[in-house]
Amino acid sequence: MTNQAKKEVEQRNNAVVAKCRTEYTFPPKLSGWEFYKSIGSPKYIVAPMVDQSELAWRILSRRHKADLCYTPMFNAKLFVNDPKYRNEQWAGLKDGFGGGGPNDRPLIVQFCANDPEYLLQAALMVAPYCDAVDINIGCPQHIARRGHYGAFLMEDWPLISSLISTLHKHLPVPVTAKIRVFPEVEKTIEYAKMIVTSGAQMLVVHGRLREMKGHLTGIADWTKIRAVREAVGHLVPVIANGNILYHDDLTRCIQETGC
């Protein structure tokens, strides 16, 4: 991208942010552990699930002691460009319904994306009704391969950094990220450091490789999650994801990962 093109993108980003800030009032933007404490230091978190994480499911989960919930993963470009998709995914968004109400906080809205400009536009639409916006860099499904998002961005670190840093710079609420691990623990740690340095204020680590899905799902590697927590946990909260089948697994996971 030329310098002129970058300048024009920045001007458009500034314009959409300014419009959002004239329409809504936001509290001071917090970072890292301050942000985590501001949402109640959640210990038990319901991960985003396809066709499961809508409002009714989140309310039910909270009644059973979930401390924090995510929305399903939304496609940022479709969310911006397709009102039908947007209304189906988050009915009543413009009225604040479908999320962000008193029975649905704290709440993190998750997007998949491969274009920072579209991601920012989508994130600004939901920012008034949530506590943070998450970027899913961990989805391993075939649709993510076709759409070039999720875990299929794992080799494109400059793009991932741009997605995160754009929200970190412009969005009035924090940006977080969810990742999968690499085969090498050293590369996984460097990956996590890059994401935190780019501006992610909380990091969810799914301890499986991108290839581990379907009949190859296997067991998540908690030792890699612990290694990430030891590397960046002093900067941001690290959330463990994977191998949680029974309630007893929660305590064991926390003990073994330190997350």
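Asn 243 counts as buried at 15% relative accessibility, where buried means under 20% relative accessible area, exposed over 50%, and partly exposed in between (1.4 Å probe, protein chains only). Asn 243 has a positive phi of about 75 degrees although it is not a glycine, and its place is in the loop between β7 (238-241) and α11. Helices (H or I, at least four residues) and strands (E, at least two) are DSSP runs, numbered from the N terminus.

The model is predicted: local features need pLDDT of at least 70, side-chain atom pairs count only at pLDDT 80 or more, and totals for chains, interfaces and linings use all residues. Residues are numbered from 1 along each chain as its sequence is written, and side-chain values use heavy atoms, with hydrogens and water left out.

**Backbone features**

- Lys 65 also has a positive phi, of about 80 degrees, although it is not a glycine.
- Lys 65 lies in the loop between α3 and β2 (68-75) and counts as exposed, because its relative accessibility is 64%.
- The peptide bond from Arg 105 to Pro 106 is cis, with omega near -5 degrees.
- Pro 106 is placed in the loop between α5 and β3.

**Salt bridges**

- Side chains of opposite charge can pair when their charged atoms come close.
- A salt bridge is a side-chain nitrogen of Lys or Arg within 4 Å of a carboxyl oxygen of Asp or Glu, and by this rule the count comes to 13 salt bridges.
- Lys 19 forms a salt bridge with Glu 23, with their closest N and O atoms 2.7 Å apart.
- Both Lys 19 and Glu 23 lie in helix α1 (residues 3-23), four residues apart, which is about one turn of the helix.
- Glu 23 is partly exposed, with a relative accessible area of 47%.
- Arg 58 and Asp 104 meet through their side chains in a salt bridge of 2.7 Å, N to O.
- This pair links distant parts of the chain, 46 residues apart: Arg 58 is in helix α3 (residues 55-63), and Asp 104 is in the loop between α5 (83-89) and β3 (107-112).
- Arg 58 is buried, with a relative accessible area of 3%, and Asp 104 counts as buried at 2% relative accessibility.
- Arg 252 forms a salt bridge with Asp 249, with their closest N and O atoms 3.6 Å apart.
- Arg 252 and Asp 249 both lie in helix α11 (residues 247-257), three residues apart, about one turn of the helix.
- Salt bridges that share partners join Arg 58, Arg 62 and Asp 104 into one network.

**Helix packing**

- The axes of α1 and helix α8 (residues 157-170) come within 11 Å and cross at roughly 45 degrees.
- Axes are lines fitted to C-alpha atoms, for helices over the stretch in contact, and angles run from 0 to 180 degrees between N-to-C directions.

**Helix α2**

- Glu 34 has its place in helix α2 (residues 32-38) and is exposed, with a relative accessible area of 52%.
- A separation of 29 Å lies between the C-alpha atoms of Glu 34 and Asp 115, which are 81 residues apart along the chain.
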